[in-house]
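Thanks for coming, everyone. Let me walk you through one structure. Please take a look at it first.

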Amino acid sequence: MRTTIGQLARGVTEGQRLVMVTCYDYTSARLADRSGVDLLLVGDSLGMVMLGHDSTLPVTLEDMVRAARAVVRGSTRPLVVGDLPFLTYTTASDAVAAARRLMGEAGVQSVKLEGGAEVAPQVETLVQAGVPVMGHIGFTPQSVNQLGVRVQGRDAPAAAQLIRDALALEAAGAWAVVLELVPAQLAAEVTAHLSIPTIGIGAGAGCAGQVQVWHDLLGLYEDFVPRHARQFRTLADQIVGGLDDYVAAVRAGDFPGAEHAATMDQQVLAQVRG
Ligand code: KIV
Ligand code: NA
């Protein structure tokens, strides 16, 4: 049975921290399903880690729907959230159309969109139409050209605005809100102001839950570990090592072995040879 928003909310009131990880494909979803993670985020970070773009801006709804379908197919237990891509929720009717594809076609249980009070009308429309919405404030990667990649809410006006944005999302009906790159004390303050869960990334331990990018926490990038991430495994080394073992085995004639292919009747072979 897939986890529901109600179950997650009950867990939070009982003091349980929510654990979310990004996921972009079927095989990874199968693995995540076996782990204890509560939520999978089909994040538009897929534009960077899966497609090699240098921001999330080029990600299309098509990219998201295809990945979300695969993640939904590969998982049975965690709640799946899908990001609405850049410029697909500028108006409430655009937001509804995009959510229809991600929820209706791909089968995610919730969508996530970036922004505070300015997107409250879209959030309200979606929620009233039956689409659970997760907000996302602080550093919002779709606004990288306005914000730069930096911690948000450091001065008093920006901190006050962040709290107002969080409250506006809650009032509009969002069921949770991601806080990205926000000082730890401010994230704790926002968390205390809200009755819905906060999910932090680079926002300290005072949030109701945490989210991390799959590739960051499993060490699939070797050269760069963001400050907010910990490599719980270093899979890049494992993968390169496995590929090198394959290359060596083929070159040495050790692979494939006799057991890796079918054989045929010798008499048939003789006939073919004539
Ligand atoms: O797309 C993404 O990976 C995200 C998380 C960083 C919250 O939005
Ligand atoms: Na995202």
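Which residues surround ligand 1? They are Thr 22, Leu 41, Gly 43, Asp 44, Ser 45, Asp 83, His 136, Val 178, Glu 180, Ile 201, Val 211 and Val 213. Each is near the ligand, with a C-beta atom, placed from the backbone, within 6 Å of it. By class, this shell has five nonpolar, four polar and three charged residues. Nonpolar means Ala, Val, Leu, Ile, Met, Phe, Trp, Tyr, Cys and Pro; charged means Asp, Glu, Lys and Arg; the others, Gly among them, are polar.

A word on the source. This is a predicted model: local features need pLDDT of at least 70, side-chain atom pairs count only at pLDDT 80 or more, and totals for chains, interfaces and linings use all residues. Residues are numbered from 1 along each chain as its sequence is written, while chains are lettered from A and ligands numbered from 1 in written order.

Now the barrel. Eight strands close it, in the order β1-β2-β3-β4-β5-β6-β7-β8, with parallel pairing. Strands are DSSP runs of E, at least two residues; helices are runs of H or I, at least four; both are numbered from the N terminus. To pair, two strands need at least two DSSP bridges between them. β5 (residues 133-138) and β6 (residues 176-180) are joined by five. There, Gly 138 stands opposite Glu 180, and Glu 180 is also in the ligand shell.

Last, the domains, whose bounds come from an automatic or database assignment. Domain 1 covers 5-233 and domain 2 covers 238-273. Their C-alpha centres lie 45 Å apart.
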